Amino acid sequence: MALITSSRILIVCVVAISIQMLLSPLSSPGYLDPPSTLLAPPSNSKLQEVIKLGEGLLKKPEAVAFDKHGALYTVTRDGGVKKLQKNGTWENLWQFESQNLLGLTITAAGDVILCDGEEGLLKVSEEGVTLLASHVNGDKIRFADDVMESSDGMLYFSDASTKHSFQDWQLDVLETQPHGRLLKYDPSSNTTSIVLGALAFANGVALSADQQYLVVCETWKYRCLKYWLQGDNKGQTEIFIDNLPGRPDNINLAPDASFWIALLEVTEKSI
């Protein structure tokens with residue numbers, strides 16, 4: 001009797017696993033190993049010297065941006081768009097019924113541009129909220145992540161995954177397929193186009209100081225790509241930096257024209 005029961009349990013388990021595999025949204029689960037050769041992180045304690053802004057006041061701040069006056073903005077996981085006042089207090093500019101706010105930038109006109117991981121690209125101003133882009137070429141923008149405005153008014157933003165949403169980002173980790181893309185929104189024509197496709201989780205986006213090129217992070221590949229916007233190499237793509245000691249997340253232009261790159265999961269090989 002025990003043998004029969006065990007056999008039945010085994011059959012049920014096999015059937016359950018088979019059904020799960022058939023219904024799984026993962027087309028080809030896999031894993032991208034860290035590069036065999038990693039850049040060694042600098043041996044310093046600079047991060048221990050940082051000043052923590054909004055500690056205990058901000059719920060999981062995701063990204064930061066500055067306006068032309070140098071004021072600091074951030075978005076929080078509870079749907080808040082916050083601004084740091086000169087006296088050190090935080091002003092809640094807008095509150096959204098959303099837990100999906102990710103990247104943001106402040107335009108030359110002073111509008112706040114947001115990436116909502118579910119809705120797409122949003123513009124927030126005194127006039128209200130405008131949905132700028134929710135689809136491209138008929139396909140839904142499933143995972144708007146980070147955004148930057150160029151001097152000509154174009155908005156470049158990442159769509160981390162065309163298959164998995166922000167709420168299911170762990171599935172993109174498991175699948176590790178290049179579902180991401182870099183998009184461009186043209187406010188003059190109200191159109192969105194694909195700049196780069198087949199990116200391994202397109203994440204942070206930043207423009208160079210002279211705006212000759214932009215950099216987009218490929219989180220699952222431990223690297224960042226350079227896409228030329230101007231000059232003889234316009235339209236071409238090359239590796240900006242690879243073999244990072246962790247997965248690149250956000251990226252920001254530094255005052256000296258270099259870039260700050262936030263890393264996830266610093267690998268054991270680099271410690």
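**Strands, hairpins and aromatic pairs in a predicted model**

Asp 159 has 0% relative accessibility, so Asp 159 counts as buried (buried is under 20% relative accessible area, exposed over 50%, partly exposed in between, with a 1.4 Å probe and protein chains only). Keep in mind that this is a predicted model: local features need pLDDT of at least 70, side-chain atom pairs count only at pLDDT 80 or more, and totals for chains, interfaces and linings use all residues. Residues are numbered from 1 along each chain as its sequence is written, and side-chain values use heavy atoms, with hydrogens and water left out.

**Around Asp 159**

- Asp 159 is part of strand β12 (residues 155–159); strands here are DSSP runs of E with at least two residues, numbered from the N terminus.
- Its side chain reaches the backbone nitrogen of Phe 143 at 2.9 Å.
- Leaving aside residues up to four places away in sequence, Asp 159 touches Ile 141, Arg 142, Phe 143, Ala 144, Gly 180, Arg 181, Leu 183 and Ala 202 (contact means heavy atoms within 4.5 Å).

**Aromatic pairs**

- Rings of Phe, Tyr and Trp (its six-membered ring) pair if their centres lie within 6.5 Å; planes under 30 degrees apart are stacked, over 60 edge-to-face and the rest tilted.
- By this rule there are seven aromatic pairs.
- In one of them, the ring centres of Phe 143 and Phe 201 are 5.4 Å apart and the planes are at 90 degrees, so the pair is edge-to-face.
- That pair links distant parts of the chain, 58 residues apart: Phe 143 is in the loop between β10 (139–140) and β11 (144–149), and Phe 201 in the loop between β14 (191–199) and β15 (202–207).
- Phe 143 and Phe 201 are both buried.
- Tyr 213 and Phe 240 have ring centres 6.3 Å apart and planes at 40 degrees, so this pair is tilted.
- Here too the pair links distant parts of the chain, with Tyr 213 in strand β16 (residues 213–218) and Phe 240 in strand β18 (residues 237–241), 27 residues apart.
- Tyr 213 counts as buried at 13% relative accessibility, while Phe 240 counts as partly exposed at 30%.
- Phe 143 and Phe 201 also belong to one aromatic cluster with Phe 166 and Trp 220.

- Pro 61 lies in strand β1 (residues 61–66) and counts as partly exposed at 43% relative accessibility.
- β1 pairs with strand β2 (residues 72–76) in the antiparallel sense over five bridges; strands pair if DSSP finds at least two bridges between them.
- The bridge partner of Pro 61 in β2 is Thr 76.
- Pro 61 and Val 75 are 14 residues apart in sequence, yet 5.6 Å apart in space, C-alpha to C-alpha.
- This hairpin has five residues between the strands, and Gly 70 takes a positive phi near 90 degrees.

- Five of the five residues of strand β6 (residues 112–116) are buried, so β6 is largely enclosed by the rest of the structure.
- In a regular strand, side chains alternate between the two faces of the sheet.
- In β6, Val 112, Leu 114 and Asp 116 point one way, Ile 113 and Cys 115 the other, and all are buried.
- On the β5 side, four bridges join strand β5 (residues 101–106) to β6 in an antiparallel run, and Ile 106 has Val 112 as its bridge partner.
- The β5 and β6 hairpin has five residues between the strands, and Gly 110 in the turn has a positive phi of about 95 degrees.
- β6 also pairs with strand β7 (residues 120–125), antiparallel over five bridges, and Val 112 stands opposite Val 124 there.

Technical notes:
A polar contact is a pair of N or O atoms within 3.5 Å; within protein, one must be able to donate a hydrogen and the other to accept it, and residues adjacent in sequence count only if both atoms are side-chain atoms.
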